[in-house]
Amino acid sequence: MKNRLEELRKQRGIKQEDLARDLKVSRQTIGSLENGRYNPSILLAFKIARYFDTTIEDIFIYDEEEEK
């Protein structure tokens, strides 16, 4: 699954550390999400979407072709 987390974070001038603190996760979690090494729980995906005032689908892009 791809995502736009890093793009959205940088557009708003937010550091990984600050985002992690606000979402109550580690900075490593944010880094792993941004690098595509980790898919968030549905709860974390909702928290991230609310943080950026957008939808989950606007941040996380599910590609069915990658699953085949």
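Q: Hey, is Tyr-51 buried, partly exposed or exposed here?
A: Tyr-51 counts as partly exposed, because its relative accessibility is 29%. Bear in mind that this is a predicted model.

Q: Okay, and how many aromatic pairs turn up in the whole structure?
A: A search of the whole structure gives one aromatic pair. The rings belong to Tyr-51 and Phe-52; their centres are 5.0 Å apart and their planes sit at 75°, so the pair is edge-to-face.

Q: Why edge-to-face, though?
A: Planes over 60 degrees apart count as edge-to-face, and the planes of Tyr-51 and Phe-52 are at 75°, so the pair gets that label.

Q: What about Phe-52, buried or exposed?
A: Phe-52 is buried, because its relative accessible area is 2%.

Q: Where does Leu-5 sit?
A: Leu-5 is in helix H1, which covers residues 5-11. Leu-5 counts as buried, because its relative accessibility is 0%.

Q: How far is Leu-5 from Lys-15?
A: Their C-alpha atoms are separated by 12 Å, and Leu-5 and Lys-15 are 10 residues apart along the chain.

Q: Switching to charges: how many salt bridges does a search of the whole structure find?
A: The search finds five salt bridges. One of them joins the side chains of Arg-9 and Glu-34, at 2.5 Å from N to O.

Q: Where are Arg-9 and Glu-34 in the chain?
A: Arg-9 is in helix H1 and Glu-34 is in helix H3, residues 27-34. They are 25 residues apart, and the pair links distant parts of the chain.

Q: Is Arg-9 buried or exposed?
A: Arg-9 counts as buried, because its relative accessibility is 8%. Glu-34 is buried too, with a relative accessible area of 12%. Glu-34 is also among the residues that Leu-5 touches.

Q: Nice. Which residues are linked in a network of salt bridges?
A: Asp-18, Arg-21 and Asp-22 are linked in a network. Arg-21 meets Asp-18 at 3.1 Å, N to O, and Asp-22 meets Arg-21 at 3.3 Å, N to O.

Q: What separates Arg-21 and Asp-18 along the helix?
A: About one helical turn, because Arg-21 and Asp-18 are three residues apart in helix H2, residues 16-23.

Q: And how exposed are the network members?
A: Arg-21 counts as exposed, at 54% relative accessibility. Asp-18 is partly exposed, with a relative accessible area of 28%, and Asp-22 counts as partly exposed at 36%.

Q: Over to nonpolar residues. Which ones form a patch on the surface?
A: Ile-42, Leu-43 and Phe-46 form a nonpolar patch, and together they have about 330 Å² of accessible area. Leu-43 is found in helix H4, residues 42-51, and is exposed, with a relative accessible area of 55%.

Q: What's in the loop between H3 and H4?
A: Arg-37 is found in that loop. Arg-37 counts as exposed, because its relative accessibility is 61%.

Q: What does Arg-37 touch, not counting residues up to four places away in sequence?
A: Arg-37 touches Gly-31 and Ser-32. As for Ala-49, its C-alpha is 19 Å from that of Arg-37, and the two are 12 residues apart in sequence.

Q: Zooming out, how many helices and strands are there in the chain?
A: The chain has six helices and two strands, and they follow the pattern β-α-α-α-α-α-β-α along the sequence. The radius of gyration is 11 Å, close to the 11 Å from the globule rule for 68 residues, so the chain is as compact as a globular protein of that length.

Q: What are the overall spans of the C-alpha trace?
A: About 35 × 25 × 20 Å along the principal axes.

Key. Residues are numbered from 1 along each chain as its sequence is written. This is a predicted model: local features need pLDDT of at least 70, side-chain atom pairs count only at pLDDT 80 or more; totals for chains, interfaces and linings use all residues. Side-chain values use heavy atoms; hydrogens and water are left out. Patches are made of residues with over 30% relative accessible area and no salt bridge: like charges are joined within 9 Å, nonpolar side chains (Val, Leu, Ile, Met, Phe, Trp, Tyr) within 5 Å. Accessible areas come from the Shrake-Rupley method with a 1.4 Å probe; for residues, only the protein chains shown count as cover. A salt bridge is a side-chain nitrogen of Lys or Arg within 4 Å of a carboxyl oxygen of Asp or Glu. Helices (H or I, at least four residues) and strands (E, at least two) are DSSP runs, numbered from the N terminus. Buried means under 20% relative accessible area, exposed over 50%, partly exposed in between (1.4 Å probe, protein chains only). Rings of Phe, Tyr and Trp (its six-membered ring) pair if their centres lie within 6.5 Å; planes under 30 degrees apart count as stacked, over 60 as edge-to-face and the rest as tilted. Contact means heavy atoms within 4.5 Å. The radius of gyration is taken over C-alpha atoms; the globule rule is 2.2 Å times the number of residues to the power 0.38.
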